[in-house]
Amino acid sequence: MFAGTSLLLLAVGWWFWPPVAWAAVLIVPLLALGTYDLRGPIRVIASGKILTGFHLVKNLAVGADLCSSARGMMFALGCVHSLICNTNRCPSGVATQDPRLYRGLIVADKAQRVAQFQAKTVHATAELIASAGLFHTSELNRTHIYRRVTQSEIRRYDRIYPYVSAGVLRDPAKAPEAFAVHLEEADPERFVPRYCLTRTDKPCGDPHRARRARNPEGGTRP
Ligand code: SF4
């Protein structure tokens with residue numbers, strides 16, 4: 001079913017999101033694929049706010065197979081982030097069909113800048129990998145990245161986002177404790193949870209099922 005499939009993780013909306021959103025967007029799918037042992041042929045592409053060599057290294061270390069960077073290339077092209085791409089009034093001439101605006105975009109010059117940005121980013125990535133004593137991006141893992149979590153504490157990524165054994169969620173008895181509530185709530189037939197153990201005041205999914213689950217003998221009050 002998943003043969004040849006690529007999973008494209010689009011971190012749309014990065015602009016307003018705190019760093020934790022990055023973890024949610026990348027780590028959760030990786031976790032889901034890993035814990036159900038589905039990674040196999042699926043390739044995970046990290047995208048969103050990837051500008052520098054470190055961004056590439058970070059995403060690859062966490063588990064992405066490759067990275068897609070649009071923003072960096074746009075900056076190199078002259079985008080000033082005025083966020084009016086849909087109006088045909090792009091001041092830098094990048095996202096417009098108006099000849100008065102795109103006249104200022106000198107393709108020969110910009111092409112060189114974009115190519116240089118790409119080459120330097122790859123060079124910076126190679127430097128980072130080499131300085132960690134590695135030869136290839138495939139050698140990166142979460143132990144290579146550290147993050148400052150408080151003023152006085154730095155943690156390694158594998159401590160923040162621990163690895164779990166492949167296929168561990170196929171057997172709920174072996175599942176890590178942190179997954180217990182979610183496994184109990186999940187319904188294999190639907191995306192809607194069976195009921196929300198974490199919100200017993202407001203049952204989600206089918207409210208009648210939730211009520212029955214709590215009170216199999218019947219009763220009218222949820
Ligand atoms: S309108 Fe042009 S300059 Fe502004 S964000 Fe879009 S591409 Fe960039």
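**View 1. Gly78 sits in the loop between helix 3 (71-77) and helix 4 (99-102).** Helices here are DSSP runs of H or I with at least four residues, strands are runs of E with at least two, and both are numbered from the N terminus. This is a predicted model, where local features need pLDDT of at least 70, side-chain atom pairs count only at pLDDT 80 or more, and totals for chains, interfaces and linings use all residues. Residues are numbered from 1 along each chain as its sequence is written. Gly78 counts as partly exposed because 18 other C-beta atoms lie within 10 Å; a residue is buried with 20 or more such neighbours, exposed with 12 or fewer, and partly exposed in between, with C-beta atoms placed from the backbone. Leaving aside residues up to four places away in sequence, Gly78 touches Ser92, Val94, Leu105 and Lys110, where contact means C-beta atoms, placed from the backbone, within 7 Å. Look for Gly93 too: Gly78 and Gly93 are 15 residues apart in sequence, with 8.3 Å between their C-alpha atoms.

**View 2. The largest nonpolar core brings together 16 residues.** Such a core is a set of buried Ala, Val, Leu, Ile, Met, Phe, Trp, Tyr and Cys residues joined through C-beta atoms within 7 Å. Helix 1 (19-35), strand 2 (43-47) and helix 2 (53-62) each supply at least two of its residues, and helix 2 gives the largest share, with 5 residues. Val57, Leu60, Ala61, Val62 and Ala64 have the most contacts inside the core. Leu60 also touches Cys67, Thr137 and Leu140, not counting residues up to four places away in sequence.

View 3. Most residues other than glycine have a negative phi. Lys49, however, has a positive phi near 55°, and Leu83 has a positive phi near 60°. Lys49 is partly exposed because 18 other C-beta atoms lie within 10 Å, while Leu83 is exposed, with 10.

Conventions: Contact = placed C-beta atoms within 7 Å.
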